[in-house]
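Open the model in your viewer and keep the selection panel at hand.

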Amino acid sequence: MIRVSKHPGYQATGFQHDRKGVFIFPDFGDTGIMTDYRIGVLGGYGRVGQHAVKYLAHSGHSIIIGGRDLDRAQIAVDKLGECATPHRVDINDTESLQSFCGNCDLVINCAGPFEKIRDKVALAALAKQKHYVDVSGTDSFYANLLPYREEIRKKGLIFIISAGMLPGLSGLLPIYTGQSQFDLVDFIDYFYCGMDEFTYTSAYDYVCSLNDGSGMSMAYCQKGEIVPKGAGLMHDVKIPYYEKPLDAYPYSNGEMQRISEKLGGCKVCFYYAFPGGHTFETLNYIQASRKYSTDDERHQSAELLVKSSQKDLIGNDIKQIYYIIMDGKQKGANRKVLYQTLYSRDGYELTGTIAGITSLLILAHRTTGPGIHYLPHGLNPNVFMDELKAQAVIKHFILNWEDETIMEKGYKRQ
Ligand SMILES: NC(=O)c1ccc[n+]([C@@H]2O[C@H](COP(=O)([O-])OP(=O)(O)OC[C@H]3O[C@@H](n4cnc5c(N)ncnc54)[C@H](OP(=O)(O)O)[C@@H]3O)[C@@H](O)[C@H]2O)c1
């Protein structure tokens, strides 16, 4: 856990764990001060928010759990003890939202659906001059915030969006791997395969993302640009931790463009592999019938997605797999191929933990500086990953090197 304090004379010293990975509380000398910052978590008793709160409960700071239902906030507080307080807040009520933000040093937005909230919380945080973290973060959200960039910078504030699993870690992980393992990256084939239950809120946002124009199927990225119709369906891909080979669907968006840019223009082919037949069928149905144009349609489609994800989970374990095959040069001319697998449990827990880590890094001034950032650009990926890997939500993080011959035998690049 990162050590950070407002206490005069205290220097942030980075993450401190004992040899078993257990958090070591900061030593504030004889002052006994442990809780310095006030971190507000909007949606703090939701599926994502409760995990952000759980992670932060060990940080020594005060947590304010916000939502419209004070009883649910109180139940969450009761589980945490003295470090937390409940706060009734309605994001749609400007006064209530500003009063919540005014009470915090940093605001984390885990409330949703994002598509109904958009920049409301960010602008309230800005009005009250507070740092801001959002677990959501599409390109259009970034564009919404751009007119405020100078004001955010001048006020010395740090806004980090896409501080979640996908988007978020999905963008940071290849950058971390590429920068730490290669001199030059040529290609990345990148598979994401998740088995989890959709909450209604997350399903609603997923349905909206099908229609927001931010991504493109059957595309890859190179030199920071999306190349349409460049990639095709991959059949029978063997994804680690899934018994049966899966079909993988190419998809590109701004996050993949930024990976390519950051790693010197390399080719990035990203694929979704769907292990759950019901969810995949429902998504196909929603897309083919374009059931996302009206709020009523989005609501019905979200309900369908929730049900199909529940069906898919019967007899299956919840898991999130990021599988990266990266090809490039290391120590001069040698060509190397790397296979990296990150296996995490519950994606909501992963997202909440990511938001918690991001918040502590902001408060410890361990970011790239004031402004609006996507997760991979606002933080040092090494520092972030060191902390994430130490969390129980990451079950395995495995890196293997192979030579070209193995790659040519079992796997075909497009
Ligand atoms: N980046 C990623 O990888 C990732 C992954 C998962 C989820 N997400 C995003 O995370 C967000 C939360 O998802 P979830 O699955 O955790 O949803 P959830 O379990 O339904 O929680 C939503 C929370 O938001 C609160 N909320 C909703 N409207 C509110 C309002 N007007 N004022 C105050 N609080 C409000 C809810 O409390 P009340 O209704 O009681 O107020 C609840 O606590 C969604 O936007 C989702 O898309 C991102």
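Select the shell around the ligand: its residues divide into 12 nonpolar, 11 polar and five charged. Here Ala, Val, Leu, Ile, Met, Phe, Trp, Tyr, Cys and Pro count as nonpolar, Asp, Glu, Lys and Arg as charged, and the others, Gly among them, as polar. This is a predicted model: local features need pLDDT of at least 70, side-chain atom pairs count only at pLDDT 80 or more, and totals for chains, interfaces and linings use all residues. Residues are numbered from 1 along each chain as its sequence is written, and side-chain values use heavy atoms, with hydrogens and water left out.

**Around the ligand**

Show Tyr45, Leu166, Thr199, Thr201 and Asp205. Of the 28 residues around the ligand, these come nearest. A residue is near if one of its heavy atoms lies within 4 Å.

Now look for polar contacts (pairs of N or O atoms within 3.5 Å). At Leu166, a polar backbone atom is 2.7 Å from an oxygen atom of the ligand. At Ile91, a backbone N or O atom lies 2.9 Å from a ligand nitrogen. At Thr351, a polar side-chain atom lies 3.4 Å from a ligand oxygen. The ligand alone exposes 910 Å², and the protein buries 87% of that (Shrake-Rupley method, 1.4 Å probe).

Colour helices H9 (200-209) and H13 (347-363). Each supplies at least two shell residues. H9 gives the most, with three. Helices are DSSP runs of H or I, at least four residues, and strands are runs of E, at least two, numbered from the N terminus.

Next, colour by domain, with bounds from an automatic or database assignment. Domain 1 (2-161 + 348-389) and domain 2 (169-346 + 394-410) both give residues to the shell, so the ligand lies between them.

**Two cis peptide bonds**

Go to Leu166 again. A cis peptide bond joins Leu166 to Pro167, with omega about 10°. Pro167 sits in the loop between strand S8 (158-161) and helix H8 (169-181). Then select Gly112 and Pro113: they too are joined by a cis peptide bond, omega about 5°.

**Cysteines**

How many disulfides (cysteine sulfur pairs within 2.5 Å) are there? The count is zero. Select Cys266: the closest cysteine sulfur, in Cys221, is 9.4 Å away, too far for a bond. Cys266 is buried (under 20% relative accessible area), at 3%.

**Last stop**

Select Met218. Its phi is positive, about 55°, although Met218 is not a glycine. Met218 lies in the loop between strands S10 (215-217) and S11 (220-222).

Definitions and conventions: A polar contact is a pair of N or O atoms within 3.5 Å; within protein, one must be able to donate a hydrogen and the other to accept it, and residues adjacent in sequence count only if both atoms are side-chain atoms. A disulfide is a pair of cysteine sulfur atoms within 2.5 Å. Buried means under 20% relative accessible area, exposed over 50%, partly exposed in between (1.4 Å probe, protein chains only).
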